[in-house]
Amino acid sequence: MGAALIPIALGASVLGAGATAYGQYQATKAANKQAEYQSQVAANNAATAEMEAKYAEQQGERNAEAQRRKTAIMVGAQRARMGASGAVADTGSFLDVELDTAKMGELDALALREEGQLAAWRSRVQGTNYQAQSKLYGMSKTDPFLSAGGTLLSSAGTIGLGYYNATKK
């Protein structure tokens with residue numbers, strides 16, 4: 001390479017390194033903003049999952065109470081039919097039927113409550129996953145000056161080696 005072209009090539013390499021470092025700086029800033037956004041989205045999703053969990057628990061309790069009311073109505077209707085037939089409802093097989101109905105109704109109510117608790121648990125597990133995602137996104141951020149500095153150092157080594165090779169005799 002002609003000696004006159006060495007300073008031009010060196011200058012162009014330095015400018016190119018600066019432009020690349022600036023581009024790396026901007027790209028890192030953009031990636032950090034994206035990570036912040038994703039972190040906030042995941043945190044919002046975690047909060048929503050907790051609200052869904054509370055709603056599922058409440059719905060399970062409401063369903064269980066509704067089942068208990070239905071059972072009480074059913075037991076009352078059975079007692080009325082038994083009383084209308086002239087039988088004593090509090091003894092013998094009539095009492096057994098009433099107790100069985102009450103027991104099965106309570107089991108149904110407990111199953112409905114458990115369904116609500118299971119749905120709440122699923123939502124809370126999902127919420128925990130969202131919280132972990134939020135933290136990971138937060139940890140993925142990088143210092144843009146460090147990124148740009150690394151690019152500059154790498155470029156400086158390449159430029160220096162190129163200059164050395166061009167000027168050695």
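Guide: Contact means heavy atoms within 4.5 Å. The model is a predicted one.

Visitor: Fine. Leaving aside neighbours within four places in sequence, which residues is E98 in contact with?
Guide: With that exclusion, E98 is in contact with V75, Q78, R79, A89 and D90.

Visitor: Where is the place of E98, in terms of helices?
Guide: E98 belongs to helix α2, which covers residues 92-139.

Visitor: Is E98 buried or exposed?
Guide: Its relative accessible area is 15%. Buried means under 20%, so E98 counts as buried.

Visitor: What joins the side chains of E98 and R79?
Guide: A polar contact of 2.7 Å links those two side chains, E98 and R79.

Visitor: Switching to Q67. Which helix is Q67 found in?
Guide: Q67 sits in helix α1, and α1 spans residues 5-84.

Visitor: And is Q67 buried or exposed?
Guide: Q67 is buried, at a relative accessible area of 14%.

Visitor: What is Q67 in contact with, leaving aside neighbours within four places in sequence?
Guide: On that basis Q67 has contacts with G105, D108, A109 and L112.

Visitor: Now the helices themselves. At what angle do α1 and α2 pack?
Guide: The angle is about 180°, and the axes of α1 and α2 are 7 Å apart. Angles over 145 degrees count as roughly antiparallel, so α1 is roughly antiparallel to α2.

Visitor: What classes of residue does the contact of α1 with α2 have?
Guide: The contact between α1 and α2 has 21 nonpolar, 17 polar and 12 charged residues.

Visitor: What about α1 and α3, at what angle do their axes cross?
Guide: The α1 and α3 axes cross at roughly 165° and come within 8 Å, α3 being residues 144-167. Therefore α1 is roughly antiparallel to α3 as well.

Visitor: Is the crossing of α1 and α3 left-handed or right-handed?
Guide: The crossing of α1 past α3 is right-handed.

Visitor: How do the residues of the contact of α1 with α3 divide?
Guide: In the contact of α1 with α3 there are 13 nonpolar residues, 10 polar ones and one charged.

Notes. Residues are numbered from 1 along each chain as its sequence is written. This is a predicted model: local features need pLDDT of at least 70, side-chain atom pairs count only at pLDDT 80 or more; totals for chains, interfaces and linings use all residues. Side-chain values use heavy atoms; hydrogens and water are left out. Axes are lines fitted to C-alpha atoms, for helices over the stretch in contact, and angles run from 0 to 180 degrees between N-to-C directions. Helices (H or I, at least four residues) and strands (E, at least two) are DSSP runs, numbered from the N terminus. Angles under 35 degrees count as roughly parallel, over 145 as roughly antiparallel, 65 to 115 as roughly perpendicular and the rest as oblique. A crossing is left-handed if the near helix is turned anticlockwise from the far one by less than a right angle, and right-handed if clockwise. Ala, Val, Leu, Ile, Met, Phe, Trp, Tyr, Cys and Pro count as nonpolar, Asp, Glu, Lys and Arg as charged, and the others, Gly among them, as polar. Buried means under 20% relative accessible area, exposed over 50%, partly exposed in between (1.4 Å probe, protein chains only). A polar contact is a pair of N or O atoms within 3.5 Å; within protein, one must be able to donate a hydrogen and the other to accept it, and residues adjacent in sequence count only if both atoms are side-chain atoms.
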